[in-house]
Amino acid sequence: MAREKTTEIVAEMVANVMSVAVQPGDAVAAGDTVILLESMKMEIPVIAEGAGAVRAVRVGPGDVVQEGTVMLVLTDA
């Protein structure tokens with residue numbers, strides 16, 4: 001049985017989570033916006049770097065994330 005490859009999407013800075021565009025089970029393509037962050041009154045889209053399926057969402061609107069916080073886990077499509 002092949003082992004599932006996972007990718008963690010982590011916060012690159014301290015920010016507020018404005019919205020989460022996906023939920024577990026959703027398919028994403030490379031370039032899709034999966035989370036929208038806000039920092040210093042700027043909106044920062046978090047983009048999926050590759051195609052896959054959402055395995056886990058670990059943040060929600062209103063959460064404050066720190067640099068390195070795992071926000072989303074993707075698996076191979």
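Colleague: How far apart are the mean positions of the positive and negative charges?
Modeller: They are 7 Å apart, for 5 positive and 11 negative charges. Lys and Arg count as positive, Asp and Glu as negative, with His and the chain ends not counted. Each charge is placed at NZ of Lys, CZ of Arg, CG of Asp or CD of Glu.
Colleague: What kind of model is this?
Modeller: A predicted one: local features need pLDDT of at least 70, side-chain atom pairs count only at pLDDT 80 or more, and totals for chains, interfaces and linings use all residues. Residues are numbered from 1 along each chain as its sequence is written, and side-chain values use heavy atoms, leaving out hydrogens and water.
Colleague: How many helices and strands?
Modeller: There are 0 helices and 8 strands. These are DSSP runs numbered from the N terminus: helices are H or I, at least four residues, and strands are E, at least two.
Colleague: Which residues touch the most other members of the largest nonpolar core?
Modeller: Val 34, Ile 35, Leu 37, Val 65, Met 71 and Leu 72, out of 17 residues. β2 (15–20), β4 (33–39) and β8 (70–75) each give two or more residues to this core. Such a core is a set of buried Ala, Val, Leu, Ile, Met, Phe, Trp, Tyr and Cys residues joined through side-chain atoms within 4.5 Å. Buried means under 20% relative accessible area, with a 1.4 Å probe and protein chains only.
Colleague: And how much of the protein is buried?
Modeller: Buried residues are 31% of the 77.
Colleague: What does Met 71 touch?
Modeller: Its contacts (heavy atoms within 4.5 Å) include Ile 9, Val 46 and Val 59, leaving aside residues up to four places away in sequence.

Definitions and conventions: Buried < 20%, exposed > 50% of the residue type's maximum accessible area, 1.4 Å probe, protein only.
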